[in-house]
Amino acid sequence: MVLSNVGIEKAISEGIIEIKPLPPLKETTLDTTALNLRLGNTLSIPKKDLSLSFDLKQGKIIPTLSSIYVQKEIPSQGYPLEPYQFVLANTMEYISLNIKKGKPCYAARVEGKSSLARCGLLIHFTAPTIHAGFSGSITLELMNLGQYPIILRPGMQICQLIFETVEGKITPKESQFHLQKTPEGKRQQNY
Amino acid sequence: MWVWLKCNQISEGMFPNEIGIEAQNSKGEIFSLFADKHIIKKEDGSTYIRTTLLEKTENESVIVLPTDPYELQSRIVRVSNSFLKGI
C-alpha cells in the first residue's frame, strides 16, 4: 500500500521514516502520495578514457569507484549536464527507513519528476528500490537523454520518493544465506 | 533495534557525506559498502557503522546493513557478536 501525504507525515513524526534535513512539509514538498527530494551540492563525474573494467569477484570495487570519479561542487550558476552525459549525484536529504519492533515498516521507490523528464533528464536507470533498513542519502544516476544541456542546481527538486508498507515480519531465512544463485545461475554459499 | 558493527574505513566515498568501509561476516569473509557519515561513529580508536539487529544468539547475530555490500548478495548478514557494540 502506498502511503498518502498524511501517512508519510505520521511515519516521520514516529521516527520510522527519518529525513534530514527535513524540508518544510508543504504542497511543493509533499505531494498526495510522494515526498519530493532535492539535489545535493556535489556531483561525482567519471573520468574519461581510463583503461579498466569492473569485476565484482576481484573485490576492491569501492577504492576503484572512488578513484575514477571526480567530485565537483555544483557552482551557483548551475552545472550544464550535456546531452548523453552521465554523472552521479545524491539527494540533499539523508533518509532512514527504520525497522522497529512492533511498528509498521516501510520501503520506498525513487522516481523521477515529469517536468524534468520532459527535458530528457533520467534520474535513475536501475535500482529504484529503497529497502527497509536503508540509511543514507539516495544516489542518483543522472543522464541527459535530451538534445540540449540541462542546468543542474543544488537544492532543485530532483526526484520523488514513494513509500510503501512492508507486509509481514522481516526475518532471516536460511535461503538468504545458503546456496544463493549467482547472476550466472551458479549456486554459491555466502557464508 | 540498532547495533554498531565494527569496521574499517577503506576509502573516501564518492560524495563528501559518505565513506567506503569494510567489515566481515561470521565466516571471516570481507565485504565493503559505501556508508553515510550520519551512521558512522568512532569510539576507542575503532570505527563503527549503524545496522539493524534482526536476531541474536550466544555467539552470532543477524543484522541488516544500511546499504548493499558489493561482495555479498544480501544486506542481511550473520556476524560475530564480538564485532558488535550495543547488543
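The contact between the two chains of this predicted model takes 31 residues from chain A and 36 residues from chain B, two residues being in contact if their C-beta atoms, placed from the backbone, lie within 7 Å. The elements below each give two or more residues to the side of chain A that touches chain B; helices (H or I, at least four residues) and strands (E, at least two) are DSSP runs, numbered from the N terminus.

| Element of chain A | Residues |
|---|---|
| β2 | 35-46 |
| α2 | 61-68 |
| β3 | 69-73 |
| β5 | 86-97 |
| β9 | 135-144 |

The largest share of this side, five residues, is supplied by α2(A).

The largest nonpolar core has 61 residues, among which B:L5 and B:I63 touch the most other members. Such a core is a set of buried Ala, Val, Leu, Ile, Met, Phe, Trp, Tyr and Cys residues joined through C-beta atoms within 7 Å. Its largest share, six residues, comes from β5(A). Residues up to four places away in sequence not counted, B:I63 touches B:V3, B:L5, B:T51, B:T52, B:L53, B:L54, B:V77 and B:V79.

A:V166 is placed in the loop between β11 (157-165) and β12 (180-181) of chain A. A:V166 counts as partly exposed because it has 16 C-beta neighbours inside 10 Å; a residue is buried with 20 or more other C-beta atoms within 10 Å of its own, exposed with 12 or fewer, and partly exposed in between. Leaving aside neighbours within four places in sequence, A:V166 is in contact with A:C105, A:Y106, A:A107 and A:A132.

Residues are numbered from 1 along each chain as its sequence is written, and chains are lettered from A and ligands numbered from 1 in the order in which they are written. Local features need pLDDT of at least 70 and side-chain atom pairs count only at pLDDT 80 or more, whereas totals for chains, interfaces and linings use all residues.
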